Amino acid sequence: MNKTGKKIFINGNEAIAEAAIIAGCRFYAGYPITPQNQIPEYMSWRMPEAGGVFIQAESELAAINMVFGASLTGTRAMTSSSSPGISLKQEGISYMAGCELPGVIVNMQRGGPGLGNIQGSQADYFQATKGGGHGDYRMPVLAPSTIPEAIEHVMTAFDLADMYRTPVMLLSDGILGQMMEAVEFPVYKSKKKLPEKDWILDGAKNRKPRSVFSLMMQNPTILEKHNYKLAEKYKKMETEVIHETYLAEDAEILVCAYGIMGRICRGAIDMARKEGVKAGLFRPVTVWPFASEVVSKLGKKAKKVLVVELNLGQMVEDIRLAVEDNKKISFFGKPGGAVATKEEIFAKIKELIK
Amino acid sequence: MENNVIICGSGGQGILLAGTVLCRAGLLEDKFVTWLPSYGAEKRGGLSYCAVVISDKPIASPVIGRPEVIIALDNIGFDNYENVLADKGLVILNSSLIKREVKRKDAVVLGIEITEIARELGNARIANMLAIGVYAGISKSVKLESIIAAMEGVASEKYKELVAVNKKAIEKGYELGKKEK
Amino acid sequence: MKAVYTKPISLTETANSYCPGCGHGLVHRLVAEVIDELGVRERTIGIAPVGCAVFAYDYFNFDVTEAPHGRPPAVATAIKRCLPDRIVFTYQGDGDLASIGTNEIIHAANRGENITVIFINNAVYGMTGGQMAPTTLEGMKTTTTTKGRDVKVAGHPLRVSELLSSIEGAVYIERVTVIDPANVIKAKKAIKKAFQNQIDKKGFSFVEVLSPCPINWGLKPLDALKFIKEKMMEYFKLGVIKDSTNSKESK
């Protein structure tokens with residue numbers, strides 16, 4: 001079955017799964033959790049069809065550790081879950097960072113903390129961008145706003161993972177996973193010149209044995225050296241910033257939002273412009289690395305900055321750091337699963353220009 | 001031109017399917033479409049709704065805060081969405097199942113015995129197709145042929161024998177909707 | 001001159017860091033000898049646990065990784081599925097396999113993964129300093145059961161081999177020990193069978209080794225061997241616990 005080059009109507013979860021297959025993902029392990037169940041369901045038949053391995057794992061921990069194992073063999077591997085499940089996967093993500101193993105983790109966020117609810121949410125921004133697992137590591141995090149963009153950035157995620165030997169997260173949400181949109185699957189071609197995988201474990205035939213590990217306690221300097229080496233890598237990863245602006249150049253009110261809220265805010269900005277209000281949008285696609293310089297420049301020019309998120313205010317901290325003018329910055333959030341509508345955001349914009 | 005509609009009722013009424021057929025019809029006309037469903041733990045019963053946007057331009061928000069049109073197939077759906085209807089918005093109301101008075105005095109209400117007519121056509125379960133037929137007839141957001149083609153496209157082998165009756169429902173709905181303009 | 005005793009090629013020159021009287025070094029050697037004898041060193045991938053054997057990648061002369069605590073069966077599952085013609089084994093202790101990793105071992109067995117598992121049961125958490133393990137015997141003193149394991153609050157020692165034997169997907173389970181030459185020979189035979197099963201695509205094979213930990217038990221090495229013979233083997237009976245390899249078609 002080849003879906004490339006045809007316009008099809010598909011939900012976000014299935015589109016992400018198919019995009020992974022197109023990007024050469026040949027191993028998927030997952031565990032059922034709403035609202036991302038279409039990903040393992042789709043992979044259960046599609047992955048074998050593509051000649052890859054699908055495993056319904058016994059737990060989220062097992063799933064991420066299976067990705068760890070598949071990645072060791074050089075296979076492009078992915079797992080997916082939603083917020084509570086992603087908390088469980090943090091162990092494996094930290095080990096992958098420590099072992100420098102590539103892999104893609106999809107988080108179709110839902111409400112929290114705890115079991116929360118199953119509605120779309122953006123409450124895992126801190127967890128995704130500031131660590132999540134233990135240890136001093138960084139991981140690229142991509143936050144698509146539409147289904148076509150999710151497809152594009154599943155592919156970006158696999159490339160970044162192989163480029164830097166790192167776990168990469170696609171930070172999406174239940175809304176994007178459940179909604180349907182028309183998409184055209186592109187032909188996959190890596191935009192990067194990817195390094196050869198000369199570290200994989202496939203049997204020490206005609207070469208020296210290899211080992212992949214993250215325990216570095218033989219002497220105190222080994223871990224420090226390892227972490228400095230990783231730090232060099234993180235510095236390079238910081239150049240992989242992706243963002244979008246919309247009518248931001250002359251914006252007096254700069255709205256900052258990502259993922260599903262990014263596109264809804266675009267609707268609010270259209271409403272504002274129609275009434276002559278100069279509103280514009282800054283939308284990070286990579287939420288780590290963060291386009292701090294861009295937002296700093298735009299934020300300094302704007303009179304007001306409005307950050308919109310489906311949480312109590314998380315990305316707003318990165319915006320504050322970049323804009324360096326707290327008085328300018330307002331926050332509008334929905335922390336319980338309800339989605340802020342463009343009408344509500346537009347009302348908030350109007351309030352700010354009064 | 002952007003059309004938005006919320007279709008609401010109870011699980012089992014084919015609410016979600018009706019929304020996808022509308023979107024697929026839009027797609028056949030090369031329009032931009034988004035479909036956003038409710039999703040919950042239960043598969044039958046309970047509130048079911050979907051938000052459909054059909055537009056000539058890329059769609060910013062798949063979430064509809066103030067729908068221009070609500071298709072309400074039963075009380076559960078209507079009770080939940082009556083409040084958010086846009087000012088002077090349209091309600092396509094299934095008067096077979098919704099007997100109460102409409103609270104929103106500004107609303108344009110088109111009451112149709114959707115379930116009853118569907119039953120007369122041969123199957124109460126095609127009420128969903130009849131309803132989107134009405135919507136297309138009145139809103140002109142998609143063409144009649146597109147809805148029929150979209151419906152035929154999603155009917156699986158198992159349901160092929162139901163295509164004819166669904167087509168009748170869509171046509172009947174369209175005719176009822178068109179009359180209202 | 002004929003060499004009667006040499007280092008297996010599957011072991012490196014690195015001196016191991018195990019305590020005096022520990023059973024790990026001996027079992028490492030048995031695994032290495034078996035891999036040499038089966039001629040599979042160049043296609044073997046080992047998975048080390050978290051625990052005393054965490055540095056196994058320094059001692060084995062083939063590809064080795066180190067999994068998070070308890071997860072080797074999940075890691076092994078994926079490696080074997082991606083590279084079905086490689087020989088994949090996990091080497092796990094009782095904390096790793098029988099406590100934090102019970103879920104992973106049960107489900108790897110249940111899926112009938114064609115892997116080999118070497119399970120070191122020394123009735124104690126070694127690397128962390130001698131805390132109670134799921135396999136700690138009743139009344140046995142550890143740093144978290146200073147008055148001896150009280151089964152009323154800490155439960156009875158877990159017989160993992162027997163537990164796994166009820167699982168359809170597990171084809172071969174044997175419990176052995178390494179307390180004397182005769183038992184070492186038996187242990188090697190069991191380990192060899194567990195690897196041969198994998199080569200023959202028979203399915204999930206599991207060898208539990210009762211192994212001494214004199215330091216954490218507070219015993220002299222010889223007394224530790226006596227402890228296994230008199231105490232552990234009373235509760236953890238040696239022998240083949242399950243063998244359906246002959247009735248299993250290779251898969």
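This report describes selected structural features of chains A, B and C in a predicted model.

Residues are numbered from 1 along each chain as its sequence is written, while chains are lettered from A and ligands numbered from 1 in the order in which they are written. Local features need pLDDT of at least 70 and side-chain atom pairs count only at pLDDT 80 or more, whereas totals for chains, interfaces and linings use all residues.

**Sheet of chain A**

Helices (H or I, at least four residues) and strands (E, at least two) are taken as DSSP runs, numbered from the N terminus, and two strands are said to pair if DSSP finds at least two bridges between them. On that basis, 7 strands of chain A form an open sheet with mixed pairing, in the order β3-β2-β4-β5-β7-β6-β13. Its edge strands are β3 (53-56) and β13 (286-288) of chain A, each of which pairs on one side only. Strand β2 (residues 27-30) of chain A runs parallel to β3(A) and is joined to it by 4 bridges, with Tyr28(A) standing opposite Phe54(A) in β3(A). Helix α4 (residues 83-99) of chain A packs on the sheet, where it touches β4 (77-81), β5 (103-109) and β7 (167-173) of chain A, and its direction makes about 160° with that of β5(A). Here a contact requires that the C-beta atoms of two residues, placed from the backbone, lie within 7 Å; axes are lines fitted to C-alpha atoms, for helices over the stretch in contact, and angles run from 0 to 180 degrees between N-to-C directions.

A residue is called buried if 20 or more other C-beta atoms, placed from the backbone, lie within 10 Å of its own, exposed if 12 or fewer do, and partly exposed in between. In a regular strand the side chains alternate between the two faces of the sheet. Strand β11 (residues 253-256) of chain A is covered on both faces, with Ile253(A) and Val255(A) buried on one side and Leu254(A) and Cys256(A) buried on the other. β11(A) pairs in the parallel sense over 4 bridges with strand β12 (residues 279-284) of chain A, and likewise in the parallel sense over 4 bridges with strand β14 (residues 304-309) of chain A. Cys256(A) has Phe282(A) as its bridge partner in β12(A) and stands opposite Val307(A) in β14(A).

Burial also marks helix α1 (residues 12-22) of chain A, in which 10 of the 11 residues are buried, among them Asn13(A) and Glu18(A). Just after α1(A), Gly24(A) takes a positive phi of about 95°.

**Backbone details in loops of chain A**

| Site | Feature and angle |
|---|---|
| Thr34(A) to Pro35(A) | cis peptide bond, omega about 10° |
| Trp288(A) to Pro289(A) | cis peptide bond, omega near -5° |
| Glu100(A) | positive phi, about 55° |
| Arg165(A) | positive phi, about 50° |

Pro35(A) is found in the loop between β2 and α2 (38-49) of chain A, and Pro289(A) in the loop between β13 and α10 (292-301) of chain A. Glu100(A) lies in the loop between α4 and β5 of chain A and counts as partly exposed because it has 18 C-beta neighbours inside 10 Å. Arg165(A), in the loop between α6 (147-164) and β7 of chain A, has 19 other C-beta atoms within 10 Å and is therefore partly exposed.

**Contact of chains A and B**

The contact takes 16 residues from chain B and 20 residues from chain A. On the side of chain B that touches chain A, α1 (15-28) and β2 (32-37) of chain B each supply at least two residues, and β2(B) gives the most, with 5 residues. Strand β8 (residues 180-184) of chain A pairs with β2(B) in the antiparallel sense over 2 bridges, and Met180(A) has Trp35(B) as its bridge partner there.

**Chain C**

Chain C has 10 helices and 9 strands. Its radius of gyration, taken over C-alpha atoms, is 17 Å, close to the 18 Å that the globule rule gives for 251 residues, so chain C is as compact as a globular protein of that length; the rule is 2.2 Å times the number of residues to the power 0.38. Of the 251 residues of chain C, 55% count as buried. Helix α3 (residues 72-82) and helix α5 (residues 102-110) of chain C have axes that come within 7 Å and cross at roughly 35°.
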